[in-house]
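I opened my notebook to jot down what I looked up in this one. Here are the entries, in the order I made them.

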Amino acid sequence: MLNDALKQISLFHNLKQVELAHELGISKSYLSEIESKANPKPVSLELLKKYSEYFDIPMSSLMLLSENLDTAKASDNFRLECSKKIIKLLE
C-alpha cells in the first residue's frame, strides 16, 4: 500500500520518475522498483524521510501507509479502510 501511495504522491505533483529520483538522490530504476505493484522493493526510513521533506508530508502520515495492512486483524479495520480511502483520494 505504501508503494501505491508514494507513486500517487508523485503523480499528483506531476513529477516524472526521472525528476523525482534525482530529487531524492536515487536511481530511476530503484524508484521504478519501489513504485512497482507486482513486486515492490521495500522503502527505507531514510527514503521515507526524503519523501516527507520533499513533499512536506508528515512522516507519521507516510508511516501509517507503510504498515502491512494486507494482514490486518479485524480490530484494524478502521485503519485499513482509512488507508484505502487515502490511496483512492490520491488517485
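I began with the aromatic cluster: Tyr-51, Tyr-54 and Phe-55 are linked by ring pairs. I kept in mind that this is a predicted model. My search of the whole structure turned up two aromatic pairs. For the pair of Tyr-54 and Phe-55, I noted ring centres 4.9 Å apart and planes at 85°. Over 60 degrees counts as edge-to-face, so I put this pair down as edge-to-face.

Next I asked myself: is Phe-55 buried or exposed? Phe-55 has a relative accessible area of 9%, and the cut-off for buried is under 20%, so I logged Phe-55 as buried.

Then I turned to backbone angles. Most residues other than glycine have a negative phi, so I made a note of residues that go the other way.

Asn-14 is one of my entries: its phi is positive, near 55°, and it isn't a glycine. I found Asn-14 in the loop between helix 1 (2-12) and helix 2 (17-24). Its relative accessibility is 66%, so I marked Asn-14 as exposed.

Where does Asp-56 sit? I traced Asp-56 to the loop between helix 4 (45-55) and helix 5 (59-66). Asp-56 also isn't a glycine, yet I read a positive phi of about 55° for it. With 71% relative accessibility, Asp-56 went into my notes as exposed.

Note on methods: Residues are numbered from 1 along each chain as its sequence is written. This is a predicted model: local features need pLDDT of at least 70, side-chain atom pairs count only at pLDDT 80 or more; totals for chains, interfaces and linings use all residues. Side-chain values use heavy atoms; hydrogens and water are left out. Rings of Phe, Tyr and Trp (its six-membered ring) pair if their centres lie within 6.5 Å; planes under 30 degrees apart count as stacked, over 60 as edge-to-face and the rest as tilted. Buried means under 20% relative accessible area, exposed over 50%, partly exposed in between (1.4 Å probe, protein chains only). Helices (H or I, at least four residues) and strands (E, at least two) are DSSP runs, numbered from the N terminus.
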